[in-house]
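Hi,

Here is the structure I said I'd pass along. Have a look at it first, and my notes on the strands follow below.

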Amino acid sequence: MKALSPSDQMFLWLEKRQQPMHVGGLWLFSYPEDAGPDYVSQLAESCREWTQPTPPFNMKLKSRFGQYYWVEDTHFDLEHHFRHEALPHPGRIRELLAHVSAQHSNLMDRERPLWEMHLIEGLPDRQFAIYTKAHHAMIDGVGAMRMSIRSLSEDPNARGLPPFWCMEPTQKTPRTPRDNDLLSNLSAMTNGVSKQLGTIPTIVREMAKSIRQSGNQTNPVSVFQAPQSILNRKITGSRRFAAQSWPMERFRAIGKAFGATLNDVLLAVCGSALRNYLINQHALPDQPLIAMVPVSLRQDDSESGNQIGMILANLGTHIADPTDRIEVVKRSVKDAKARFAHMSQEEILNYTALTMAPTGLNLLTGLVPQWQAFNVVISNVPGPKEPMYWNGARMTGIYPVSIPLDQIALNITLLSYVDQLEFGLTACRRTLPSMQRLLDYIENGIQELEVAADMR
């Protein structure tokens, strides 16, 4: 048995019917030139031959004295995890996104390994799709991306590739203590406590600085700054997913014009989109929305588990001028990065835990909904830099499907692929009506920065 870390267990504690805690991905493929009409059916048959999964895809949960462990599923049933489906006519992208929205709303069965793959045909123009999902307790976004890339190939002629659940792990799984290995458990606990205590002085200093600066709305962002908005209401279990690609070069050109990073531009564009959406809903707060932006702390090639820190970024939604807005975004991100630059990995993780404590308390108890450190999650995950293929089919798009939370009804996750930026927006269907309009507002946000930079 392998015990889950506290951060991985947190995703199990947070899960409830209206708040499934799995992440997913939607992959679009085009048929190989020589493929026949039954190409997808043949792919499905070949996938069903891979019945011996490798870790972590053969592991299920077991709870013992309040602690969760991963144990091998000795009755693994591939038919539960792999599904071959077809879209209803006319099989447009609209039907595909509706199908993914419905599948992403469903809780996963904790009596089985916590992952699924849906092979979907019925799309026009000789295309098919794959929708995958896995519980966040099992894997984070960066780890999921690494697994996805390893299951694909840069060679369009490669055939017989194993599906991701049968890929060999990239590194040996470290030995975990046996149930009765008390000395090993005590040693690991003692080492961990020592590291945690060593982070206290830095955390106290940075938290005090954040509190002193909490009145400044344009530069450092504190945990007390996020305003109430319609994004921060209770959610249901129903999901709406929207996705679209944009050329990365447009964002890079804007960044060059404003002396901003790619992430700065992305946050400014999302700030513009959210501003326009909330104006349309007659619900724009006077104070700027605050985004929680995950930062990967992964320093190895591992794939399972979660190794992430968080920064808070001012989205400048209270500012109409796009030039002023991107300057506000730049300053707030620069301040957050400067704070982390002087911290160790343990200090960053513990500082993140402390700054997110109000939000975590709400997610667990719902007792103080007015306490929130941020309004929306915006995450950017690096993806493949070269075109990828799966058994001869070229991947034309890969869109992240993420997790809305109670009081945080929208998640915006981006993924880079070759020369594209793939936006995946996941929201509570009831809390945020017409959420798909955000895609139009994102385009508007790009255009207004291009105009401001005299690029049009």
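This is a predicted model: local features need pLDDT of at least 70, side-chain atom pairs count only at pLDDT 80 or more; totals for chains, interfaces and linings use all residues.

Strand β1 (residues 2–3) and strand β4 (residues 67–72) run antiparallel and are joined by 2 bridges. Helices (H or I, at least four residues) and strands (E, at least two) are DSSP runs here, numbered from the N terminus, and two strands count as paired if DSSP finds at least two bridges between them.

Residues are numbered from 1 along each chain as its sequence is written, and side-chain values use heavy atoms, with hydrogens and water left out.

β4 also runs antiparallel to strand β3 (residues 59–64), with 6 bridges between them. There, M59 is partnered with E72 and K60 with V71. The β3–β4 hairpin has 2 residues between the strands, and F65 takes a positive phi near 55 degrees in it. Put together, that's an open antiparallel sheet of 3 strands in the order β1-β4-β3. β1 and β3 are its edge strands, each pairing on one side only.

The other sheet I noted is open too, with 6 strands in the order β5-β6-β7-β2-β13-β12 and mixed pairing. β5 (82–86) and β12 (389–390) each have a single partner strand, so one side of each has no neighbour in the sheet. β12 pairs with strand β13 (residues 393–401) in the antiparallel sense over 2 bridges, and W390 has A393 as its bridge partner in β13.

Cheers
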